[in-house]
Amino acid sequence: MNRTAHRRLLGGLAAGAAFALLLTGCQSQRDDGDPAASEPGAASDVDSTFVFGASSDPSGLDPAFASDGETFRISRQIFEGLVGVEPGTADPAPLLAESWETSEDGLDYTFALKSGVTFHDGTPFDAEAVCANFDRWYNWTGLTATESLSYYYGSLYGGFAGDENALYASCSADDETTATVSLTRPFSGFIASLSLPAFSMQSPTALEEYGADDVGGSEEAPEYSEYGEGHPTGTGPFKFESWSPGSEVVLSANADYWGEQGQIQEIVFRTIDDPTARRQALEAGDIDGFDYVAPADTAALEDAGFNVMQRDPFTILYLGFNQTVPELQDVRVRQAIAHAVDREALVTQVLPEGTEVASQFIPPVVNGYNEGVTDYAYDPDAARDLLAEAGYADGLELTFNYPVNISRPYMPNPEQIFTALSSQLAEVGITVNPVSDEWTDYLDRMRGGADHGIHLLGWTGDYNDTDNFVGVFFNGYSNEWGFENPELFGALSEARQIADPDEAATAYQEINEQIAQFVPGVPLAHPAPSLAFDSRVTSYPASPVNDEVFNMIELSE
């Protein structure tokens, strides 16, 4: 990233970080194993059980087969990757790898690994374990190599063993604490991508013992393995204890953790899918905190003495188009929908304070943001004219898919967003056929096949790289979008290989204009999610990319 863009990111994140520091005093950093820092004595003065109100069940417990925030929230407590995130930012930082070197041709990455680390089952974390994880991902076949399960690996790494476009070439254990990963071509976002929970290091012993890749069902409705439902095994500060689907996930402190254990000895992720019920649970003292506070609740919670903080927007909410639907294959219809949407009204009426109107599929702080991108202003007359040109002067009917009983950082209230957009579309003669699903079923529908139309989805950036937004969405054919666009796919493939930040910025600005002209969907907003906590929570490590590990939480009596 160029220096200007980097300053923009840090400036954009500074407000949230400053607020967090006001709340927290001084945030702790991960410790490198000082025994005194790992002693749990500090927990004796406080209730060391922390109860978090989750908006849904995890989709599973194996982060390699996940793409949703609630699964990743739990994964970040159990697992760690080679690369982490610098606290308070979206930038990569060393974690299980203390450092790395890149070859001049950008194909070989040599990682110096942290020594003395073990997985929760006692298996050593070493170079052999690193290679076992990379080889596992690369060698998926059948159902494990589908969009529904290996979404991140397929999106970012181009394919699996035997695929012409596969990015991964090999991994070698040079010695116990040195591993070299080789790629088939340069990928400028490779190091940053390794901070994703999907690429966490998992115990090779547990993966084999509990049949991690023995998944069943179908792409539309996958069934997770014994490992993925009850034996997740990482190196993180918390160990898995139990999962009661529809109720809660329980974790306990890892007494052998290599870093700072912190005050919390038990975490309970309690599933409360209704935002009002989460607020009431906090007010009743049944939970210690929750995410995705409803916009209407923030002021009242603050007035009542609860700690409310706002993450800086590193998100995108969009109205996506599935172009396997014949009507949506006409760009004039897609343009008409874009003109029919009043994004300003949507932000003002139903999205949280601090939300920014979107003009493209990346936030303004990300490298390659195009200030002059083609934008489809709210213009109902233009929308009607375009529909008439496309042959729909008498109206158009489309399926509109949206999730229910869920809150996401980019979509805190999907039912309200759906209602607002449906009303706006009706004004220009577009009638919607509403189809709603619970969250897990919704994701399976979006990514498992073509049975959907226009739809609400979004993204919280995982790390600070443009490819993590537009590359994930549009680097190849996907069931969600249902289109082939070789020119766009090729441009994204080339851009992700550009090492120079300024050159990459120019390429991504052009790509953002390509996307705007093609209109695969309507970028709606960059919502700013809020969290709320009991007053006993004096420090919470808020992260723009949700990289929040609970051993960093500080509690008072």
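## Strand pairing around strand 1

Strand 1 (residues 49-54) and strand 12 (residues 266-271) run parallel and are joined by 6 bridges. The model described here is a predicted one.

Strand 1 also pairs with strand 13, again in the parallel sense, over 2 bridges. Here the residue G53 stands opposite F290 in strand 13. Strand 1 is mostly covered, with 5 of its 6 residues buried.

Across the whole structure, a search finds 19 salt bridges. One of them joins R73 and E70, with the closest N and O atoms 3.2 Å apart. Both residues belong to helix 3 (residues 69-78), where they are 3 residues apart, or about one turn of the helix. R73 and E70 are both buried.

A salt bridge also forms between R311 and D291, whose closest N and O atoms are 3.0 Å apart. D291 is in strand 13 (residues 289-291), while R311 sits in the loop between strand 14 (307-310) and strand 15 (315-320), so this pair ties together parts that are 20 residues apart in sequence. How is it decided whether these two residues are buried or exposed? A residue counts as buried when its relative accessible area is under 20%. R311 has a relative accessible area of 3%, so R311 is buried. D291 has a relative accessibility of 1%, so D291 counts as buried.

R311 takes part in a salt bridge with E548 as well, at 2.8 Å from N to O. This pair links distant parts of the chain, 237 residues apart: R311 is in the loop between strand 14 and strand 15, and E548 is in the loop between strand 22 (537-539) and strand 23 (554-555). E548 and R311 are both buried. Through salt bridges that share partners, E70, R73, D291, R311, R408 and E548 are joined into one network.

## Nonpolar cores

The largest nonpolar core contains 130 residues. Which residues have the most contacts inside this core? They are L82, F134, F190, L319, I337 and L456. Helix 4 (residues 127-138) gives the most to the core, contributing 7 residues.

Leaving out residues up to four places away in sequence, L82 touches P94, L95, L96, A97, F111, L113, F125, V130, F134, L194 and M201. One of these, F134, is itself listed with L82 among the residues that have the most contacts inside the core. Another core lies apart from the largest one; this other core has 29 residues, among them V46, F52, F533 and L555.

## The disulfide

How many disulfides does the structure hold? The structure holds 1 disulfide. A disulfide is a covalent bond between the sulfur atoms of two cysteines. In this model the two cysteines are C131 and C171, and their sulfur atoms are 2.1 Å apart.

Where do the two cysteines lie? C131 is in helix 4 and C171 is in strand 6 (residues 168-175), so the pair ties together parts that are 40 residues apart in sequence. Why is this disulfide called left-handed? The torsion about the S-S bond of C131 and C171 is about -70°, so the disulfide is left-handed. Both C131 and C171 are buried.

Key:
Residues are numbered from 1 along each chain as its sequence is written. This is a predicted model: local features need pLDDT of at least 70, side-chain atom pairs count only at pLDDT 80 or more; totals for chains, interfaces and linings use all residues. Side-chain values use heavy atoms; hydrogens and water are left out. A salt bridge is a side-chain nitrogen of Lys or Arg within 4 Å of a carboxyl oxygen of Asp or Glu. Helices (H or I, at least four residues) and strands (E, at least two) are DSSP runs, numbered from the N terminus. Buried means under 20% relative accessible area, exposed over 50%, partly exposed in between (1.4 Å probe, protein chains only). Two strands pair if DSSP finds at least two bridges between them. A nonpolar core is a set of buried Ala, Val, Leu, Ile, Met, Phe, Trp, Tyr and Cys residues joined through side-chain atoms within 4.5 Å. Contact means heavy atoms within 4.5 Å. A disulfide is a pair of cysteine sulfur atoms within 2.5 Å.
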